[in-house]
Amino acid sequence: MSSDPSYAVDITALIPVYNEEENLGPLLEKLTADLKALGRPYEILVVDDGSSDATLERLRELHRVVPHLGAISFRRNFGKSAALSVGFHEARGRYIVTMDGDLQDDSAEIGPLLEKIEEGYDLVSGWKQKRKDPITKTIPSKLFNAVTSSMSGVRLHDMNCGLKAYRSEVVKSVKLRGELHRFIPILADWNGFRVGEIRTVHHPRLHGKTKFGAARFVNGFLDLLAVMFLTTS
């Protein structure tokens with residue numbers, strides 16, 4: 001897979017974070033090693049979504065020692081859609097790979113995700129087939145995926161997986177607000193892009209607390225219904 005000279009870098013690893021101070025060090029250490037192993041120009045972009053812990057201070061420390069690390073910090077918590085939207089705008093890569101900052105996604109999957117892209121897909125989502133989460137997350141997630149797939153016609157097992165790879169033209173075309181980051185594959189499909197999926201490894205959370213809340217799924221469905229209404233009306 002050759003680099004495109006029209007892009008500043010080949011791969012942008014984009015990571016939205018909120019209160020992940022303990023995870024940043026090991027996350028960036030492994031991510032850097034996995035990106036180097038691919039042998040392609042890359043950048044790492046972390047968007048701090050208004051963390052109330054020492055995430056920003058930790059990012060400043062890591063900036064001095066982690067190659068190609070850039071960071072954006074919000075003054076308050078705006079939500080994952082806002083963090084991804086800003087990151088998508090600033091990303092310089094030919095391909096953008098998103099992942100969560102809690103060490104549950106594995107950056108070793110970046111290579112396989114990009115290989116799948118090269119089969120002709122525009123967006124490839126991870127599928128956490130064996131999730132390392134409590135039942136309070138897995139059951140609502142299965143319901144969410146079943147209902148969303150049925151409503152949209154986009155058949156993915158794990159719509160909301162944070163680990164995804166995109167061609168740059170996909171992220172530049174997607175407009176996010178509210179909880180719409182959960183439905184990026186649907187928005188991409190509506191824009192005519194080809195969406196795929198691969199199985200990915202999932203790890204248990206070691207540090208920090210989950211940001212999951214059932215209300216976010218409810219708000220997300222309302223956002224999706226609004227978008228579907230505006231798109232089809």
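**Fold, sheet and cavity**

There are 8 helices and 7 strands in the protein chain, where helices (H or I, at least four residues) and strands (E, at least two) are DSSP runs numbered from the N terminus. This is a predicted model, in which local features need pLDDT of at least 70, side-chain atom pairs count only at pLDDT 80 or more, and totals for chains, interfaces and linings use all residues. Residues are numbered from 1 along each chain as its sequence is written, and side-chain values use heavy atoms, with hydrogens and water left out.

Q: What percentage of the residues of the protein chain count as buried?
A: Buried means under 20% relative accessible area, exposed over 50%, and partly exposed in between (1.4 Å probe, protein chains only). The protein chain has 233 residues, and the share that counts as buried is 52%.

Q: What share of the contacts with a separation of 6 or more joins residues 24 or more positions apart?
A: Contact means heavy atoms within 4.5 Å. For the contacts in the protein chain with a separation of 6 or more, the part from residues 24 or more positions apart is 81%.

Q: In what order do the strands of the open sheet lie?
A: Two strands pair if DSSP finds at least two bridges between them. Strand 3 (69-73) and strand 7 (195-200) are the edge strands, each pairing on one side only. The open sheet has 7 strands with mixed pairing, in the order 3-2-1-4-6-5-7.

Q: Which residue of strand 6 stands opposite Thr98?
A: Strand 4 (residues 93-98) pairs with strand 6 (residues 164-167) in the antiparallel sense over 4 bridges. Strand 5 also pairs with strand 6 in the antiparallel sense, over 3 bridges, and there Ser125 has Lys164 opposite. For Thr98, the residue opposite in strand 6 is Lys164.

Q: Why is strand 5 described as largely enclosed by the rest of the structure?
A: On one side Leu123, Ser125 and Trp127 are buried, and on the other Val124, Gly126 and Lys128 are buried, so both faces are covered. Strand 5 (residues 123-128) is largely enclosed because the number of its 6 residues that are buried is 6.

Q: Which residue of strand 7 is the bridge partner of Leu123?
A: Strand 5 and strand 7 run parallel and are joined by 6 bridges. Among the pairs is that of Leu123, whose partner in strand 7 is Val195.

Q: What is the volume of the largest cavity?
A: On a 1 Å grid over the protein atoms alone, a cavity is a set of points where a 1.4 Å probe fits but cannot get out, and lining residues have an atom within 4 Å of a point. Grid points are joined across faces, edges and corners, and a volume is the space filled by probe spheres set on the points. The lining has 15 residues, of which Leu84, Cys161, Gly162, Lys164 and His181 lie nearest the centre. The largest cavity has a volume of about 100 Å³.

Q: Is Tyr18 buried or partly exposed?
A: Tyr18 sits in the loop between strand 1 (9-17) and helix 1 (21-38). With a relative accessibility of 27%, Tyr18 counts as partly exposed.

Q: What is the relative accessible area of Ser107?
A: Ser107 lies in the loop between strand 4 and helix 4 (110-117). Not counting residues up to four places away in sequence, Ser107 touches Lys30, Leu31, Asp34 and Met99. Ser107 is buried, and its relative accessible area is 4%.

Definitions and conventions
1 Å grid on protein atoms, 1.4 Å probe; cavity = no way out; pocket = protein on both sides within 12 Å on 5 of 7 lines; lining within 4 Å.
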